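Here are my notes for you, written as numbered points. Have the 3D view open while you read.

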Amino acid sequence: MNITITRTTTPKVKPDQNKLGFGKHFTDHMFLMDYNKEQGWHDPRIVPFADISLSPACAVFHYAQEMFEGMKAYKSPDGRNLLFRPMKNIERMNNTNERLCIPQVDPEFTLKAIKELIKVDEDWIPVDDGKSLYIRPFIIATDPFLGVHPSASYLFCIILSPVGAYYAEGINPVKIYVEDEYVRAVKGGTGFAKTGGNYAASLRAQEKAEKLGYTQVLWLDGIHHEYIDEVGAMNVFFLIDGELITPQLEGNILPGVTRDSVINLARSMGVKVSERRLSIKEVVAAAEAGKLEEAFGSGTAAVISPMGELNVEGKKIIINEGKIGALSQKLYDTLTGIQWGKIKDEFGWSVEID
Ligand code: COI
């Protein structure tokens, strides 16, 4: 399929790179592609970034049949434009599609669409340290029909946003509230899928945590309220007595690309990494025994975000004196070094946009 390109005649003034924040600014163009039963995916096009007109009866507005992804493009010091393990995101995209009854996308074509769009908006990739171009592909159900049924038509869209740090704290440790009332997901649900409903269901707890002065919530499993699932918009890691532990993938947490990369990087550094069930009791006991060394969240948006404090039922656990730990820092430096093309990529993760 050929992607048609219509360029804007009114390019926007680019935002100050020092005031980007996260997800507030959008580039000049977007990618669109339609789906219907007769034609499948068709009419791929890059057009000026603009509002989308849809029937108020569209399935996505009522029953949230939609999926999204998050990835980034990085500008290397020698001027190359890099993606980080994009096929992992595209693979996950199709896993989400499968769970949400959304038609599969062609992985190679999707990568081509992402690359073509970035090439058109190349001068939006920030060059300053730590800044990148966030890529947000998403698919929405567009049938104007109020019955609860998979849509017969869809719109695939990709938008781009120049970003700085996801959290105002940047790489400084964030405070986390361990949520004991609400749950995010249960096995058999949509926890492993990247779909808006999971995030809608998280907002009440997030709001509660923010009112109490915390940046994010840590989710416990939906059945026992005991095992750690993930943190807000990130996967989570705990370094306890030299063992780096992250919850295993059982269908209720997001299989993060950054999570997988951290596991591989840590193992390559000789760290013992375990993917297993980890109860909040074990974390509290480790903290009391002086064995909770570090904790951090991982995600595309936040990269690696150290956790400096956990609130467990009102009890405050301070981790590594509220400072970033040595392993978290090393993983952050190595991961971002590879992503921005500053250090040798021994894993073959970087993909150049050429
Ligand atoms: C990401 O890390 O890319 C995410 O999608 C998390 C969040 C912004 C929803």
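1. Which residues surround the ligand? They are Phe-68, Gly-70, Tyr-134, Arg-136, Tyr-166, Lys-194, Tyr-199, Ala-233, Gly-299, Thr-300 and Ala-301, each with a heavy atom within 4 Å of it.

2. Before you go on, a word on the source. This is a predicted model, where local features need pLDDT of at least 70 and side-chain atom pairs count only at pLDDT 80 or more, while totals for chains, interfaces and linings use all residues. Residues are numbered from 1 along each chain as its sequence is written, and side-chain values use heavy atoms, with hydrogens and water left out.

3. Now look at the polar contacts (pairs of N or O atoms within 3.5 Å). An N or O atom in the side chain of Tyr-134 is 2.6 Å from a ligand oxygen. Lys-194 also uses a polar side-chain atom, 2.9 Å from an oxygen of the ligand. With Ala-301 it's a polar backbone atom, 2.8 Å from a ligand oxygen.

4. How much of the ligand does the protein bury? Taken alone the ligand exposes 280 Å², and 90% of that is buried by the protein (Shrake-Rupley areas, 1.4 Å probe).

5. By class, the shell around the ligand holds six nonpolar, three polar and two charged residues. Gly counts as polar here, and Tyr as nonpolar.

6. Zoom out, and you'll find eight helices and 18 strands in the chain (DSSP runs of at least four residues for helices and at least two for strands). The C-alpha trace spans about 60 × 50 × 35 Å along its principal axes.

Definitions and conventions. A polar contact is a pair of N or O atoms within 3.5 Å; within protein, one must be able to donate a hydrogen and the other to accept it, and residues adjacent in sequence count only if both atoms are side-chain atoms.
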